[in-house]
Amino acid sequence: MPKKVSLTVKCPNCGEFLTDDTHLINNRKAIGLNIKTSDGKEGKIWLSSIYGDYNYTCEVPIPEGEVVDFMCPHCNANLARPLECEVCQAPIVSFTCSIGGKVSICSRNGCKNHYVVFENLDTAVRKFYSEYGY
Ligand SMILES: [Zn+2]
Ligand SMILES: [Zn+2]
């Protein structure tokens, strides 16, 4: 069994931590964000901070296949980047990772590409391993 590690991420726009101390998913502090669906519903979403874990909870129901806007709860910046998901062409949403690089997810609910990846893989993974003592 690989060890479960939590990622700490920051808003790429204002630099504030996105970790929500008050909300746990799988006993880890979740990543708290605001979302807006295509029909204008707004609410909070909490993503699991565990690397490779795709669980989330959300105040508003997101239909399978729906693309939603993710906003920083501190500065309200839309976190979508001018990048498309390789699987479904929805916008990619990125956060700054505290150990270096970026964590990216697809903004479409249920997309198989909906997981965290590191950019600048070499540096991030080296820090990841030294920080968590694999
Ligand atoms: Zn922000
Ligand atoms: Zn996708």
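This report describes the strands, core, turns and loops of a predicted protein model.

Residues are numbered from 1 along each chain as its sequence is written, chains are lettered from A and ligands numbered from 1 in the order in which they are written. In this predicted model, local features need pLDDT of at least 70 and side-chain atom pairs count only at pLDDT 80 or more, while totals for chains, interfaces and linings use all residues.

**Overall make-up and confidence**

The protein contains 9 strands and 1 helix. Helices (H or I, at least four residues) and strands (E, at least two) are DSSP runs, numbered from the N terminus. Their order from the N terminus is β-β-β-β-β-β-β-β-β-α.

The predictor's confidence in each residue is given as pLDDT, from 0 to 100. Its mean over the protein is 84, and 81% of the residues reach 70 or more. Strand β6 has the highest confidence, at 96, and helix α1 (residues 121-132) the lowest, at a mean of 57. Where pLDDT is low, the predicted coordinates should not be read in detail.

Of the 134 residues, 27% count as buried. A residue is buried if 20 or more other C-beta atoms lie within 10 Å of its own, exposed if 12 or fewer, and partly exposed in between, with C-beta atoms placed from the backbone. Two residues are in contact if their C-beta atoms, placed from the backbone, lie within 7 Å. Among contacts between residues at least 6 apart in sequence, 43% join residues at least 24 apart.

**The nonpolar core**

A nonpolar core is a set of buried Ala, Val, Leu, Ile, Met, Phe, Trp, Tyr and Cys residues joined through C-beta atoms within 7 Å. The largest one here has 25 residues, and V9, I31, L33 and F70 have the most contacts inside it. At least two residues of this core come from each of β3 (28-36), β4 (42-47), β6 (69-71), β8 (91-97) and β9 (102-106). Strand β3 supplies the largest share, 4 residues.

F70 is in contact with L33, I35, L79, A80, V93 and S107, leaving aside its neighbours within four places in sequence.

**Pairing around β3**

Two strands pair if DSSP finds at least two bridges between them. Strand β3 pairs in the antiparallel sense with β4 over 6 bridges, and with β6 in the antiparallel sense over 3 bridges. Strand β2 (residues 19-25) also runs antiparallel to β3, joined to it by 4 bridges.

Individual residue pairs can be named for each of these partners. L33 has I45 in β4 as its bridge partner, and K36 has D69 in β6. I31 and L33 are among the core residues with the most contacts inside the core. In a regular strand the side chains alternate between the two faces of the sheet.

**Turns and positive phi**

The hairpin of β2 and β3 has 2 residues between the strands, and N26 in this hairpin takes a positive phi near 50°. N27 is found in the loop between β2 and β3, and its phi is near 65°, a positive value in a residue other than glycine. N27 counts as exposed because it has 8 C-beta neighbours inside 10 Å.

The hairpin of β3 and β4 has 5 residues between the strands, and G40 in the turn has a positive phi of about 90°. N76, in the loop between β6 and β7 (80-84), has a positive phi of about 65° although it is not a glycine.

**Exposed loop residues**

The loop between β5 (56-58) and β6 holds E64, and P63 lies in the loop between β5 and β6 as well. E64 touches N109 and G110, not counting residues up to four places away in sequence. The C-alpha atoms of E64 and N109 are separated by 5.6 Å, although the two residues are 45 residues apart along the chain. For P63 and T37, 26 residues apart along the chain, the C-alpha separation is 9.3 Å.

| Residue | C-beta neighbours inside 10 Å | State |
|---|---|---|
| E64 | 8 C-beta neighbours | exposed |
| P63 | 11 C-beta neighbours | exposed |
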